Amino acid sequence: MSSTTAPPRPSTRRRVTFTAVLLTVTALLFWVPWTGLLAPGARWPWPVQVLGTAFFVVTSVAFPLLLVRAHGRRHSDRASRVAHLMLGVAWVFFAWTLITHVLRLVLAVAGVENPFRARLVAVVLLVVGVTLVAYGLREARRVPRVKRTDVLLPRLDRAFDGLTVAVLADTHYGAIDRTKWSVGTVAAVNALEPDVVVHVGDIADGTVAQRRGQAAALGDVRARHRFYVSGNHEYISNAQAWLDHMAELGWTSLHNQHRVLERDDARLVFAGVDDVTGAHSGESGHGADLDAALAGTRADDPVVLLAHQPSEIGKAVTAGVDLQLSGHTHGGQIWPFHLLVRLQQPVLAGLSRHGERTRLYTSRGAGFWGPPLRVFAPSEISLLTLRSA
């Protein structure tokens, strides 16, 4: 009889891999800051050292347990609120611990001895970390600022010169009830009196039943045309239900479809594609299909494409799209996370040019995902004014 054992099933391997990654990330996020705040060289009084270390032990054990409870079968909003706040605070202190380690080295070269050197670095880290967390919390919860941008589209007919498009993205209605914030954001959009309002995905983290109240204000958006496409987060919680619900609120859900705006004899196409993750979501008929979205348009039609992720720009260039509107990046949300975002996306935020014809506008988004913080990546409502040549 063979003593070899069968390889673990894929589900088991996934659990093992997930657990290993989660524990590794937790160790880095919580114990790197410990080296900055409670380094042995500081020689803090023993009560400070013991209580501080105990705090890191408790939080590093609690964090993965809360995160699993938040995103596991229970989908606990209470656990999500605590775990995501812990994640945001830990990330801020992790990043700035690495920066203050450089300060530690500079002070050592300058001849500053311990314990003064280690204590000075710890105090600087604590002050900077607490300040940035407070700032980040405020920035995340405020009604987004308006960012105005003129976008020149050479193929745009003069009849559409000056058309205004308000862009919403990444509202991420979630575990923290932001109904009041949603009302304020919609009021800010309406004050702009745009011709067109678009929402380019990641409307919520959760099902329609869970987030209906927070999303209700979107039904009060005032514009002649309102277009919506799905983001990757809708595919965690039934994207089709969100497409249907937005239609109930009076929006046109562009599910690999387009609509034509007409002024006199001029035409302007607004097209939309599902998020690329839709193809692997298990939802039948979902997945980005740009050919389907543009089917029936004319070769000389200027096209504005709604696609949640900026990474779709290559397909837009090939198809001859004039302007792609995207979100997804959050501008990095919490500095310096933008460095990791740029590994996956071609653009972080703002207006960029791709190929001979195509422009891409990437919104930093109105809300936040996960940690309720925005650090050096302010939220925005984008108001684009389209200009002809």
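Hi everyone, let me start with helix α1, which gives six residues to the lining of the largest pocket, the largest share from any element. Before I go on, please keep in mind that this is a predicted model.

So, that pocket. The space in the largest pocket comes to about 860 Å³. Its lining is made of 32 residues, and the ones nearest the centre are Leu 87, Gln 333, Phe 337, Trp 369 and Pro 371. Besides α1, spanning 10–37, the elements that give two or more residues to this lining are α2 (46–71) and α3 (77–109).

Now for the second largest pocket, which holds about 490 Å³ of space. It has 26 lining residues, with His 71, Ser 80, Asp 205, Gly 206 and Arg 211 nearest its centre. Here the elements that give two or more residues are α2, α3 and α6, and α3 has the largest share, with five residues. By class, the lining of the second largest pocket has eight nonpolar, 13 polar and five charged residues.

Ser 80 sits in helix α3. Is Ser 80 buried or exposed? Its relative accessible area is 9%, and the cut-off for buried is under 20%, so Ser 80 counts as buried. Setting aside neighbours within four places in sequence, Ser 80 is in contact with Ala 70 and Ala 175.

Further along α3 we find Thr 100. Thr 100 is buried too, with a relative accessible area of 5%. Not counting residues up to four places away in sequence, Thr 100 touches Val 121, Val 124 and Leu 125.

α3 packs with helix α4, residues 116–141, at an angle of about 145 degrees, and their axes are 9 Å apart. The α3 and α4 crossing is right-handed. In that contact there are 19 nonpolar, three polar and two charged residues.

Between these two helices there is a loop, and Pro 115 is in it. The peptide bond from Asn 114 to Pro 115 is cis, with omega near 10 degrees.

Where does another cis bond turn up? One joins Trp 335 and Pro 336, with omega about 5 degrees. Pro 336 belongs to the loop between β9 (323–326) and α10 (338–341).

Helix α6, residues 208–215, packs against helix α7, residues 239–248, at about 35 degrees, with the axes 11 Å apart. This crossing is right-handed. From α6, the contact uses Val 208, Arg 211, Arg 212 and Ala 215, while α7 brings Ala 241, Trp 242, His 245 and Glu 248. Those residues divide into four nonpolar, one polar and three charged. Notice Arg 211 here: it is also one of the residues nearest the centre of the second largest pocket.

Arg 43, in the loop between α1 and α2, has phi near 50 degrees, a positive value in a residue other than glycine. Asn 256 is not a glycine either, and its phi is positive at about 55 degrees. Asn 256 lies in the loop between β5 (252–253) and β6 (257–263), and it counts as buried, at 11% relative accessibility.

Note on methods
Residues numbered from 1 in each chain as written. Predicted model: local features only at pLDDT ≥ 70, side-chain atom pairs only at ≥ 80, totals over all residues. Heavy atoms only, no water. Axes fitted to C-alpha atoms, helices over the stretch in contact; angles between N-to-C directions. Helix = DSSP H or I, 4+ residues; strand = E, 2+ residues; numbered from the N terminus. Left-handed = near helix turned anticlockwise from the far one by under 90°. Contact = heavy atoms within 4.5 Å. Nonpolar A, V, L, I, M, F, W, Y, C, P; charged D, E, K, R; others polar. 1 Å grid on protein atoms, 1.4 Å probe; cavity = no way out; pocket = protein on both sides within 12 Å on 5 of 7 lines; lining within 4 Å. Points joined across faces, edges and corners; volume = space filled by probe spheres on them. Buried < 20%, exposed > 50% of the residue type's maximum accessible area, 1.4 Å probe, protein only.
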